[in-house]
Amino acid sequence: MSNTTPKAVAAPGKLLLNGADHTLILIDHQSQMAFATKSIDMTMLRNNAALVAHAAAEFKVPTILTTVAEKTFSGPMFSEIKEAFPGVEAIDRTSMNTWEDPRIAVRVNEIGKGRIVLAGLWTSVCIVGPALSALDQGFEVYVITDASGDITEEAHNQAVTRMVQAGARPMTSLQYLLELQRDWARSETYDETNRTAQRFGGSYGLGITYVRAMLGEHASEAGAKK
């Protein structure tokens, strides 16, 4: 064992995400898939998925939208996601495992990032499939667990456990937004990050709204940090 004391450096850890180092894939956030989702409240799921989508759009994260049987069974993707990516067509599949669709592989390779971030319905099928497949092919995989859901809490939890055991890294939707921002002095994205948090960040967003209303714009940063 080394007796060398590590030296602290004011730099982000290599495992932290930034807007330029990964591809986000949003999978099957659709009406029919949502109807049977019971592991998370549906309003919260939609809110979290929207937060992730708008965060990715703000930080210019290369994003793939994909659906399954949109016209014949599952229905359209959540409007909050489509709103964040106007004009982007979702890739509609027949395969439950997104990673087995050749068009997805082509798009992932065109983007050329070694990290994949996943969220969608259902966790135990449509997220486990691409997560394990991407890991097997050498990609780093992150899963946004509260922008995903399943037919039971056990199904969701066991799926997350399985992916983590295989090497995936779990995170939450608000964590995703704030990890991309990471510094309130980053002025070019500060305002948009606050707007996204206010709109989709639940009680955290309400806190920002309150601080701005009560104390004015100069208190925004302090409110955001809390």
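At what angle do helix H2 (residues 42-58) and helix H9 (residues 187-200) pack, and how far apart are their axes? In this predicted model, in which local features need pLDDT of at least 70, side-chain atom pairs count only at pLDDT 80 or more, and totals for chains, interfaces and linings use all residues, the two helices pack at an angle of about 170 degrees, with their axes 9 Å apart. Residues are numbered from 1 along each chain as its sequence is written, and side-chain values use heavy atoms, with hydrogens and water left out. Helices (H or I, at least four residues) and strands (E, at least two) are DSSP runs, numbered from the N terminus.

**Helix pairs**

- Two packed helices are described by the angle between their axes and the distance between the axes; the axes are lines fitted to C-alpha atoms, for helices over the stretch in contact, and the angles run from 0 to 180 degrees between N-to-C directions.
- The angle of about 170 degrees between H2 and H9 makes H2 roughly antiparallel to H9, given that angles under 35 degrees count as roughly parallel, over 145 as roughly antiparallel, 65 to 115 as roughly perpendicular and the rest as oblique.
- On the H2 side of this pair, Asn47, Ala50, Leu51, His54, Ala55 and Glu58 meet Thr189, Glu192, Thr193, Thr196, Arg199 and Phe200 of H9, where contact means heavy atoms within 4.5 Å.
- By class, the contact of H2 with H9 holds four nonpolar, five polar and three charged residues; Ala, Val, Leu, Ile, Met, Phe, Trp, Tyr, Cys and Pro count as nonpolar, Asp, Glu, Lys and Arg as charged, and the others, Gly among them, as polar.
- H6 and H7 pack at an angle of about 5 degrees, with their axes 10 Å apart, and they are therefore roughly parallel to each other.
- Thr123, Ser124, Ile127, Val128, Ala131, Leu132 and Leu135 of H6 make this contact with Ala155, His156, Ala159, Val160, Arg162, Met163 and Ala166 of H7, and the residues of the contact divide into 10 nonpolar, three polar and one charged.

**Helix H7 and its two sides**

- The 14 residues of helix H7 (residues 153-166) should span 20 Å at 1.5 Å a residue, which agrees with the 20 Å between its end C-alpha atoms; the expected span is 1.5 Å times one less than the number of residues.
- His156, Ala159, Val160 and Met163 of H7 are buried, a word that means under 20% relative accessible area, while exposed means over 50% and partly exposed lies in between (1.4 Å probe, protein chains only).
- Helix H6 (123-136) and strand S5 (140-144) are included in what covers the buried residues of H7, whereas the face turned away from the buried side carries the exposed residues Glu153, Glu154 and Gln165.
- H7 is followed by Gly167, whose phi is positive, near 120 degrees.

**Helix H10**

- In helix H10 (residues 202-215), Tyr204, Gly205, Ile208, Val211 and Arg212 are buried, and they fall within an arc of 120 degrees seen down the axis, so they line one face of the helix.
- On the other side of H10, the residues Ser203, Leu206, Tyr210, Ala213 and Met214 are exposed, and just after the helix Gly216 takes a positive phi of about 95 degrees.

**Backbone details in loops**

- Most residues other than glycine have a negative phi, and most peptide bonds are trans.
- A cis peptide bond with omega of about -15 degrees joins Leu121 and Trp122, and Trp122 lies in the loop between strand S4 (115-120) and H6.
- Lys60, a residue other than glycine, has a positive phi near 55 degrees; Lys60 is found in the loop between H2 and strand S2 (63-68) and counts as exposed at 69% relative accessibility.
- Arg182, also not a glycine, has a positive phi of about 60 degrees; Arg182 sits in the loop between helix H8 (173-181) and H9 and is partly exposed, with a relative accessible area of 35%.

**Ile40**

- Ile40, in the loop between helix H1 (31-35) and H2, is buried, with a relative accessible area of 13%.
- Leaving aside neighbours within four places in sequence, Ile40 is in contact with Leu45, Asn48, Asp146, Ser148 and Gly149.

Technical notes
Arc of directions from axis to C-beta.
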